[in-house]
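Biologist: Before I use any labels for this model, I want to see what stands behind them. Please set each value against its cut-off.

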Amino acid sequence: MTVHGLLLAAGAGRRMGTPKALVDDWLERSVEGLRAGGCDDVTVVLGAESERARALLVDAQVGIVEAADWADGMGASLRAGLAAVEEDPARCDAVLVTLVDLPDVGPDVVRRVLAGAAGKDVLRRASYVGRPGHPVLIGRDHWGGVRTEATGDRGARGYLATHEVELVECGDLATGHDVDTRDTP
């Protein structure tokens with residue numbers, strides 16, 4: 001199965017005080033985590049301060065998509081990323097979607113979520129001590145439905161809630177916590 005990594009990194013990070021794509025090495029580390037974990041290609045979705053974030057990716061050999069409506073929330077970023085990947089139907093069977101603000105989620109989590117996955121109808125996601133999180137593996141057969149339901153900051157949540165999703169426990173590898181403020185542990 002061919003999997004394309006899709007990194008959502010468009011938000012303004014208001015509580016953080018800066019776009020999360022610009023925090024420390026999160027952007028580069030997230031891209032490397034997707035690659036080292038087994039994604040064949042990677043696309044990064046940018047929005048807030050996209051030129052500064054783009055400069056961090058100059059040598060990363062990734063696709064970059066700018067979500068013009070990024071301020072509408074994660075759903076806009078997810079729709080923009082899926083649209084970019086869909087431009088080439090032969091490009092991949094599935095996308096592995098993750099967020100830039102998960103600094104402890106690395107290649108070992110990506111590998112585990114991808115392990116044994118097959119088919120364009122796959123729906124899997126990492127879970128942390130039973131709590132669903134990211135990354136989320138979405139087979140091509142589900143992209144249309146995900147795009148339709150991806151609104152606001154919900155991303156694919158509504159779609160996933162109404163479909164059978166295989167949870168892949170990763171709590172022994174990471175916390176899966178998103179970091180929203182500088183003082184978040």
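Modeller: Buried means under 20% relative accessible area, exposed over 50%, and partly exposed in between, with a 1.4 Å probe and protein chains only. This is a predicted model, in which local features need pLDDT of at least 70 and side-chain atom pairs pLDDT 80 or more, while totals for chains, interfaces and linings use all residues. Residues are numbered from 1 along each chain as its sequence is written, and side-chain values use heavy atoms, without hydrogens and water.

Biologist: What does Pro-103 touch beyond its sequence neighbours?

Modeller: With contact taken as heavy atoms within 4.5 Å, and residues up to four places away left out, Pro-103 touches Trp-26, Arg-29, His-177 and Val-179. Ser-30 is 73 residues from Pro-103 in sequence, yet their C-alpha atoms are 7.5 Å apart.

Biologist: Asp-101 is in that loop between β4 and α4 too. Which class does Asp-101 fall in, buried or exposed?

Modeller: Its relative accessibility is 9%, so Asp-101 counts as buried. Under the sequence exclusion of up to four places, Asp-101 touches Lys-20, Trp-26, His-177, Asp-178, Val-179 and Asp-180.

Biologist: How do α1 (residues 26-37) and α4 (residues 107-114) cross?

Modeller: Their axes come within 8 Å and cross at roughly 40°. That makes α1 oblique to α4, because angles under 35 degrees count as roughly parallel, over 145 as roughly antiparallel, 65 to 115 as roughly perpendicular and the rest as oblique. The contact is made by Gly-33, Leu-34, Ala-36 and Gly-37 of α1 with Pro-107, Val-110, Arg-111 and Leu-114 of α4.

Biologist: What makes up the contact of α1 with α4 by class?

Modeller: Five of the residues are nonpolar, two polar and one charged. Here Ala, Val, Leu, Ile, Met, Phe, Trp, Tyr, Cys and Pro count as nonpolar, Asp, Glu, Lys and Arg as charged, and the others, Gly among them, as polar.

Biologist: What is the strand order of the sheet?

Modeller: The sheet is open and has seven strands in the order β3-β2-β1-β4-β6-β5-β7, with mixed pairing. Strands pair if DSSP finds at least two bridges between them.

Biologist: What makes β3 (63-66) and β7 (166-169) edge strands?

Modeller: Each of β3 and β7 pairs on one side only. From one strand to the next, the twist averages 25°.

Biologist: In which sense does β5 pair with β6, and in which with β7?

Modeller: β5 and β6 run antiparallel and are joined by five bridges, and Arg-125 has Val-136 as its bridge partner in β6. β5 and β7 pair in the parallel sense over four bridges, where Ser-127 is partnered by Glu-169 of β7. Two residues lie between β5 and β6 in a hairpin, and Val-129 in the turn has a positive phi of about 55°.

Biologist: How is β5 covered?

Modeller: Six of its six residues are buried, so β5 is mostly covered. Leu-123, Arg-125 and Ser-127 point one way, while Arg-124, Ala-126 and Tyr-128 point the other way. In a regular strand, side chains alternate between the two faces of the sheet.

Conventions:
Axes are lines fitted to C-alpha atoms, for helices over the stretch in contact, and angles run from 0 to 180 degrees between N-to-C directions.
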